[in-house]
Amino acid sequence: MFIRKITIPPVFAVVLLLSVYFSYPEQFGAVWHMIGGIVFLAILPVLAYPLQKYIPGYKDKGRDGQRSLAMIFSFAGYLLGTLVAFLFQAPVIVKIIYLEYLFCGISMLVFNKVFKLKASGHACGVIGPVLMMAYFKLYIPAAVCALFAIPVFIASVHTKRHTMMQLLGGSVIPLVMLVLVHFIMGC
């Protein structure tokens, strides 16, 4: 359980943003793009956990309510971040990151809430940044983060949070969405 707590998806979002920012400062643009990314992709999603106890309809739902609220807060952050990036003409590399998160968020909501397939958000939030780092040719941070995927998957199965199929589903979503983003952005 400890490994799942220290490897929450927002941690990987911060690693992704810092890796890209420091590796490609000229393509990433101003520091406020990185700070905005941390707010929209990490801080806002994490706020779901402490705020759960104050939000009617979620405060008495335990872990399931916490996960549902985290998905909503995450999607709100991804959507707001994407809107800000496009409205304020963020660099392409920043738009790619936001679109990947937004499309993954939409896919997770559709799979989990509409089709009730329960793809793993944890797997999506770990594998997505790994794939993006590899996409941006940041192979060393991608490899280091990929090493964390193994204990996350083992812990998820061991604690019965997810089956291997749910983890696989959560891992495939960011790959498919990155291909889609690649074509949309004309990269």
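**Salt bridge, pocket and core in a predicted model**

Asp64 has a relative accessible area of 52% and is therefore exposed, the cut-off for this class being over 50%. The model described here is predicted. Asp64 pairs with Arg67 in a salt bridge, in which the closest N and O atoms are 3.6 Å apart. Both residues belong to helix α5, where Asp64 and Arg67 are 3 residues apart, or about one turn of the helix. Arg67 has a relative accessibility of 27% and so counts as partly exposed, a class that lies between the limits of 20% and 50%. The count of salt bridges in the model comes to 1. In general, side chains of opposite charge can pair when their charged atoms come close.

Helix α5 (62–87) contributes 10 residues, the largest share of the lining. At least two lining residues each come from α1 (2–6), α2 (9–23), α4 (31–51), α5, α6 (92–114) and α7 (121–135). When the lining is divided by class, 19 residues are nonpolar, 10 are polar and 10 are charged.

The largest nonpolar core contains 44 residues, and the members that touch the most others are Val20, Phe28, Leu41, Ile97, Tyr101 and Phe136. Two or more residues of this core are supplied by each of α2, α4, α5, α6, α7, α8 (139–158) and α9 (164–184). The largest share, 11 residues, is that of α6. In soluble globular proteins, nonpolar side chains tend to be buried together.

With residues up to four places away in sequence left out, Leu41 is in contact with Pro10, Ala13, Leu17, Tyr78, Ile97, Tyr98 and Tyr101. Among these partners, Ile97 and Tyr101 are themselves named with Leu41 as core residues that touch the most other members.

His33 is located in helix α4. Its relative accessibility is 10%, so His33 counts as buried, the limit for burial being under 20%. Under the same exclusion of residues up to four places away in sequence, the contacts of His33 are Phe28, Ala90, Pro91, Val94 and Tyr98.

Key: Residues are numbered from 1 along each chain as its sequence is written. This is a predicted model: local features need pLDDT of at least 70, side-chain atom pairs count only at pLDDT 80 or more; totals for chains, interfaces and linings use all residues. Side-chain values use heavy atoms; hydrogens and water are left out. Helices (H or I, at least four residues) and strands (E, at least two) are DSSP runs, numbered from the N terminus. Ala, Val, Leu, Ile, Met, Phe, Trp, Tyr, Cys and Pro count as nonpolar, Asp, Glu, Lys and Arg as charged, and the others, Gly among them, as polar. A nonpolar core is a set of buried Ala, Val, Leu, Ile, Met, Phe, Trp, Tyr and Cys residues joined through side-chain atoms within 4.5 Å. Buried means under 20% relative accessible area, exposed over 50%, partly exposed in between (1.4 Å probe, protein chains only). Contact means heavy atoms within 4.5 Å. A salt bridge is a side-chain nitrogen of Lys or Arg within 4 Å of a carboxyl oxygen of Asp or Glu.
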